[in-house]
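Please keep the sequence and the coordinates at hand while reading.

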Amino acid sequence: MDIFTLQDFYTYTKGITYILMVLILVGMTGFWLFLTERDEDDYE
Amino acid sequence: MSEATVGKISPPSKSVYTPFNVIAGIIIVIGLVITVLRFTKGLSAVTNLDDNYPWGIWIGFDLMAGVALAAGGYVTSAAVYIFGMKRYHSAVRPAILTGFLGYALVVFALHYDVGRPWRLPYPFLMQQGTTSLLFEVAACVALYLTVLFIEFTPAPMEWLGLKRARNIVVKLTMLLTIFGVILSTLHQSSLGALFLIAPAKLHPLWYSGYLPVFFFISSIIAGLSMVIFESSLSHRYFAHKMDETHIAEKEGVALGFAKAASLVLAGYFSIKVIGISADNNWHYLGTGFGLWFLVELLGFVALPCMLYAIGVRDKNLTLIKWTSALTVFGIVLNRLNISLIAFNWYLPAEEKYFPHWMEIGISVFIVTVGLVVFKFIVTRMPILYEHPDHKGGH
Amino acid sequence: MSISRRKFLGWLSAAGVGTALGTSAKAASTKHFTGYPDSAGVLHDTTLCVGCRECEAACNKVNELAPPDQPFTDKSVLEKNRRTTPDAYTVVNKFDKPDEKGNVFVKKQCNHCLEPACASACFVRAFKKTEEGAVVYDASVCVGCRYCMVACPFDVPTYEYDEAFSPRVVKCTMCHPRLLEGKLPGCVEACPKEALTFGKRDDLLKIAKERIRRYPDRYVNHVYGEHEMGGTSWLYLAGTSFSNIGMREDLGLKPAPELTSGALGAVPIVVGLWPVLLTGIYAMSKRKEKIAAEELSDAVAEAVAQTNEEAENKLSAALAKAEKNKETAIKKEVQKALDEAAKAAQQKEAETKSEEDA
Ligand code: SF4
Ligand code: SF4
């Protein structure tokens, strides 16, 4: 099925964007922990 | 009112028939009656909504203004935990509590407004309208309400003596604060962006591509002003519940927040002017709506900006307190202008919307419920003071 | 795809993962969408409309709507400008002699936008532009937020405010069920004056432009709906400026989804960059605090060291002094003892002397 309307195109791309945003938020949290894991001073 | 009379009134009196309780009780009874009407007879029985004005004050005031005024939570926790302004620490808990109650009430109010409230989770569970700004708002409000709830839980946990659970939540403070700021940035701005889809209906002076930015920046102003306003009210009615830290820091909080609010108001004023210029809307300023726009811009943006500045320079706490009320009123006015007054601005007066008294009744009812719950919590849980077991810990 | 399956797919269907992952690449790269090819529309030639309200009656009948307060033959309702309601998907309005050419009648209903604002606004995707051309509404998911009504630039959707339990948004469906059966929309079929023409939108555009070309005196040179808000499936011809006959000419040409795409596009940017910014600020304020704390503790240590040294000096001085004092004291005592002894000896000597004398 092809996309014929801008509306459907945005529905599709924004849908993926929302999924990515969730992944980004989770990933960022994890990455921050990884980044600061060996810090001597106590960042929380 | 002098401190001495405050002291006399405020200790919890033995009788339940205090003026506050009686008035609150009456309002709540009326509210419940309207509630029954609303859910048995439909929206037309209690509202003046029509096809030209699908949104009334339940959206314009309860949602638009309510969310802006509940911004104190993210503004304060960001200032203290992210920007490291530790000296405002005692302002965090009351701000989080008001934020949480504010959002809870917004969601509560939405159940009255939407046609089929039991379907409110549909956008997440059934079909996602990802192109809708309202979807974005709904998702963020739902998530942020959860974040605020978790941020609030240490207070009841201390009250109930759940130390282990409390300490786990306190460890999450940073994460929750950052999440809160992200979610707030998004939905505060998206509330303004809701109107981007209706350029033909909103008056050009209020319609602007910058609407999301305007809403976000003014939410910071609303948040700061609400913290000042509310802390002066709390001090008046709950002084006996405050510990020394809170009272000692109170003045600093008012001055610091007033200074910040003044600065942000100056920025807000600037971008509003840029908004007029960007769309070349100068000629509208001479019309009736233009005058009204100027009233909002000069009377409720420029004026409070100056008053705050004077208040800070003179360390005049009374002036700051009144200015905070003026500012809050100005933000509410802005939200009502955009969602109701300047919306469908070309319609003749008789076709314009004016709220039914029962719509106002429900809005008052919801605010009252908020006050009652706030009073209940503040008189019981460690909000305005630090729990002795957790001093300096949170 | 059945309704339940579409709902079941939930998030994936929002992202269109199941249907569009591979095939949309071409569409995405051009980012230009022209709508469904061969989709249908209706051309409304207002110069032909006589305001007989036959279309209203037909619409009421085929959609099984509630009977009107006044019969459709009653022309007095035309005296008031009306809009669509839950019981009237379409209305005809009369405009008194704009341009002194005589009354103009205009039929109003959903324009079935090519890029519907209502669909862009709905947060449960209750509206859909179908490939046939109709914009249809699915009451089974509608929450009743009425944002679609806020969004529609033509003031079309209406709401069943009287309904307590299952209020719906109501609007013209272009008789989508009838189209699928191969029938004409009710209003088009009923129009006695051929003021309504049903056909492929592309063909209708050609017809409209041809009429303008052939009768330049009869029409203004504008096919309303060709570009308004990205274009609509309903097209209009008129003998007078459209703004004279209740049709807004200030809507702009931007399709609705474009109006919000900027704000929507900023959302993921905030999500991506705010954590960086905020943790950065946090780390900086934390670091400033740490440095301040270190400086403080250094200062304290130094002060402590200084006091210690001073105290020591004092102590040793005191000790030395004490030592000295002690020495002098002993010396004094010894002297005293010696003196006393000497004295005593003298005394004894004297005593013995006096005894001897006696
Ligand atoms: S005219 Fe209004 S209701 Fe009809 S498709 Fe366009 S936006 Fe939707
Ligand atoms: S009222 Fe229904 S159809 Fe309209 S936007 Fe809300 S959920 Fe969608």
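C:Glu79 and C:Lys94 form a salt bridge in which the closest N and O atoms are 2.9 Å apart; a salt bridge here is a side-chain nitrogen of Lys or Arg within 4 Å of a carboxyl oxygen of Asp or Glu. C:Glu79 lies in the loop between α4 and β2 of chain C and C:Lys94 in strand β2 of chain C, so the pair ties together parts that are 15 residues apart in sequence. Helices (H or I, at least four residues) and strands (E, at least two) are DSSP runs, numbered from the N terminus. C:Glu79 counts as exposed, at 55% relative accessibility, where buried means under 20% relative accessible area, exposed over 50%, and partly exposed in between (1.4 Å probe, protein chains only).

This is a predicted model, in which local features need pLDDT of at least 70, side-chain atom pairs count only at pLDDT 80 or more, and totals for chains, interfaces and linings use all residues. Residues are numbered from 1 along each chain as its sequence is written, chains are lettered from A and ligands numbered from 1 in the order in which they are written, and side-chain values use heavy atoms, with hydrogens and water left out.

Over all chains, the count comes to 20 salt bridges. One of them joins B:Asp113 to C:Arg146, with the closest N and O atoms 3.0 Å apart. This pair crosses between chains, from helix α6 (residues 92-113) of chain B to the loop between β5 (135-137) and α6 (147-151) of chain C. B:Asp113 is buried at 1% relative accessibility, and C:Arg146 is buried with a relative accessible area of 1%.

Within chain C, the side chains of C:Glu160 and C:Arg168 meet in a salt bridge (2.9 Å, N to O). C:Glu160 counts as buried at 14% relative accessibility, whereas C:Arg168 counts as partly exposed at 37%. In chain B, salt bridges link B:Arg93, B:Glu158 and B:Arg166 in a network.

Leaving aside neighbours within four places in sequence, B:Glu296 is in contact with residues including B:Trp206, B:Lys272 and B:Asn337, contact meaning heavy atoms within 4.5 Å.

C:Asp87, by contrast, is partly exposed, with a relative accessible area of 44%. C:Asp87 is located in the loop between α4 (54-62) and β2 (91-95) of chain C.
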